[in-house]
Amino acid sequence: MKNNASLIFSFFLLIGDFLALLAAFSVAYILRVKYDPRPLVEQIPADQYFFAFAAILPLWLLVHAVIGLYSQQVYNKRFSELGRLLVGSFLGILVIIGYDFVADAALFPARLVPVYALALGFGFLILFRTVARWLRRFLYTRGYGVSNVIIIGNTKVTQSIADSLWDVKISGQEVIATVGYKVDGIKCYKDFEEALSKIRRPIHSIIQTELYSDQTKNSTILQYAQKNHVAFRFAPGNSDLFVGNMSVELFENIPLISIHQTPLVGWGRIAKRLFDLTFSIFVVIALSPLLLLISLLLFVFDPGPIIFKQKRITRYSKPFNVLKFRTTKKKYTCSPEEGFGKMNRPDLLKQYRENGDFIPKDPRFTVIGRFLRKTSLDELPQLLNVIKGDISLVGPRALVPEEINTAQAKHHIVSVKSGITGLAQVSGRRDINFEERRRLDVYYVQNWSFWLDITLLLKTLRAVVFGTGSR
C-alpha cells in the first residue's frame, strides 16, 4: 500500500514557497515604494506589481525543483536544504531579473526592490520550511503520514536500520516488524509468509538486508512489493560487496552494476579543487590580520617556532607536512610520549590515551594554545596546505603514518585528498572512537557530492561558533 505523505509534503512545500516568495516581493515593494522618499524608476501600481509576480514566480519555483528542493533526500536534511535554498534564491532572483530585462514592461519600480526581495525571500523561505518541519513532526507524533516498515534479513544491518528509524517523529517511518533478526521492542517473524499472515497494519515499505540463496524467497518478496505498490529497498548485509558509488549500465541488453571507489572523479574533482583554491585564498586574505596577531602572540608569550609541522598522509598515501599554529610549550613540541616523559608523568600519558588522546587542562599547552584549540583557530594554517594542493577543505582526517596502517579500509580513505574538516569532525570528534571516525571517513569518500561539502562546511562553522567538538 503506497504512502503518499512525502508527495503531499512536497506539494505543501511548493505552495508554501510560492506564498513565502510572494510575501517577500510584496514587502520589498512596500519598503521601497511606501517608506523610501527617493524617486522611483518606474511608476508601477501595487495591484499590477502583485499579479505580475504571482504569474512570474513559478519560474523561481522551477529553479527550486531543478536543484532538488522538493526531493525527500534534500528536505529531510536541514543543512543540505539550507545550502540549496541559498543557491536557489540567488538563481531565482537572477531568473526574475533576466525576465525583467527581456520583458516589454518593467517589473520593478526601483533597483532596490530585487535586493530587498532576495534577502526577504531567503529569510521567509527558511522561516516557512522551519515551520513546515515542526508541523510535520507534530503530525508524525500523532501518527499522520507515518510509513510502516518491515525489515527482512538475518544480518546486523537490520539492527542498524532499525536504530536509525527508532525516532518516528524525525524519520517518519516506524519499523513494525522484522523477519529473521530479532530487534529489541520489535515483533520478529521467522519468515516473510508468517509476517504477512499476522501483521494487521498496512505495509508501506520493505527493506531487505539479506539476499537469500533460495531465489524463490527473493522473488516472493519483490513480487509482493510490486503487486501491492509497496516501496522496496535493498540494503546488502555484506557491506563489503557494495561499497562506493554505484551506477547501472547496459551491456548487450544486460544490466550491469558498476561500483566506483568514490564519485569524486572527473569534473567533480576539478570543481572541488577550484572551490578549495578560491575559498582558501579569499579566507587567507580576509583573515590575514588575525593570522598575524596570533603569530605575534605566540612568539611573544612563548618564543619559538610559530608553526607546528607534522607528517601526515593524504591521497594515494602521499606524505606531506600538515601546518598548524603551535599550541604546546616549546619544550613539549614532540610526541605525547616524549612530552609526558619529560614531565615524568606516565599517569597523564595513560589518561591521555584512554580518554581518546585528550585530557582537560593538558599541561603541555600554553594558555594561548588552549584558546586556539578550543576555537579551532590552530587549524587556520592548513589553508596554506589547501592552496598548495596537499589537502582539501573537506575530506577524511589526515592521519599520521602509524594510524593509517591500522585503519580498516584505508584504501578507501586515501582514494581522495584529506581535509581540514570532514564528516567525522562535525559528528563530535571527542565523542566517537577511532573506528567510528574512520567509518565516517569511508562514508564520505563513497558518497561525496558538492552539496555534502557545503553542508559539512556550514556544520563546521556552527561547531566553531558554539565550540562543539573542539578540544
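Student: What share of the contacts in the protein chain with a separation of 6 or more comes from residues 24 or more positions apart?

Tutor: The model is predicted. In this chain, residues 24 or more positions apart account for 68% of those contacts.

Student: How many helices and strands does the protein chain have?

Tutor: There are 21 helices and 11 strands in the protein chain. The C-alpha atoms fill a box of roughly 75 × 75 × 50 Å along the principal axes. Of the 471 residues, 44% count as buried.

Student: Which residues have the most contacts inside the largest nonpolar core?

Tutor: They are Leu13, Phe25, Tyr49, Phe53, Trp60 and Phe108, in a core of 32 residues. Two or more residues each are given to this core by helix 1 (5-34), helix 2 (46-56), helix 3 (58-66), helix 4 (72-75), helix 5 (78-102) and helix 6 (112-141). Helix 1 provides the largest share, nine residues.

Student: What does Tyr49 touch, not counting residues up to four places away in sequence?

Tutor: Tyr49 touches Phe25, Ser26, Tyr29, Ile44, Leu107, Pro109 and Val113.

Student: How are two packed helices described?

Tutor: By the angle between their axes and the distance between the axes. Here, helix 5 and helix 21 pack at about 105°, and their axes are 9 Å apart. Angles of 65 to 115 degrees count as roughly perpendicular, so helix 5 and helix 21 are roughly perpendicular to each other.

Student: Which residues make the contact of helix 5 with helix 21?

Tutor: Helix 5 uses Phe79, Ser80, Gly83, Arg84 and Val87, while helix 21 uses Trp451, Thr455, Leu458, Lys459 and Arg462. Sorted by class, the contact has four nonpolar, three polar and three charged residues.

Student: Which residues of helix 15 are buried?

Tutor: In helix 15 (residues 367-375), the buried residues are Gly369, Leu372 and Thr375. They lie on the same side of helix 15 because they cover an arc of only 140° around the axis. Val367 and Lys374 are exposed, on the face turned away from the buried side.

Student: What do the buried residues of helix 15 pack against?

Tutor: Their partners are helix 12 (288-301), strand 9 (319-325) and helix 21 (450-466).

Definitions and conventions:
Residues numbered from 1 in each chain as written. Predicted model: local features only at pLDDT ≥ 70, side-chain atom pairs only at ≥ 80, totals over all residues. Heavy atoms only, no water. Buried < 20%, exposed > 50% of the residue type's maximum accessible area, 1.4 Å probe, protein only. Helix = DSSP H or I, 4+ residues; strand = E, 2+ residues; numbered from the N terminus. Arc of directions from axis to C-beta. Contact = heavy atoms within 4.5 Å. Core = buried A, V, L, I, M, F, W, Y, C linked by side-chain atoms within 4.5 Å. Axes fitted to C-alpha atoms, helices over the stretch in contact; angles between N-to-C directions. Parallel < 35°, antiparallel > 145°, perpendicular 65-115°, else oblique. Nonpolar A, V, L, I, M, F, W, Y, C, P; charged D, E, K, R; others polar.
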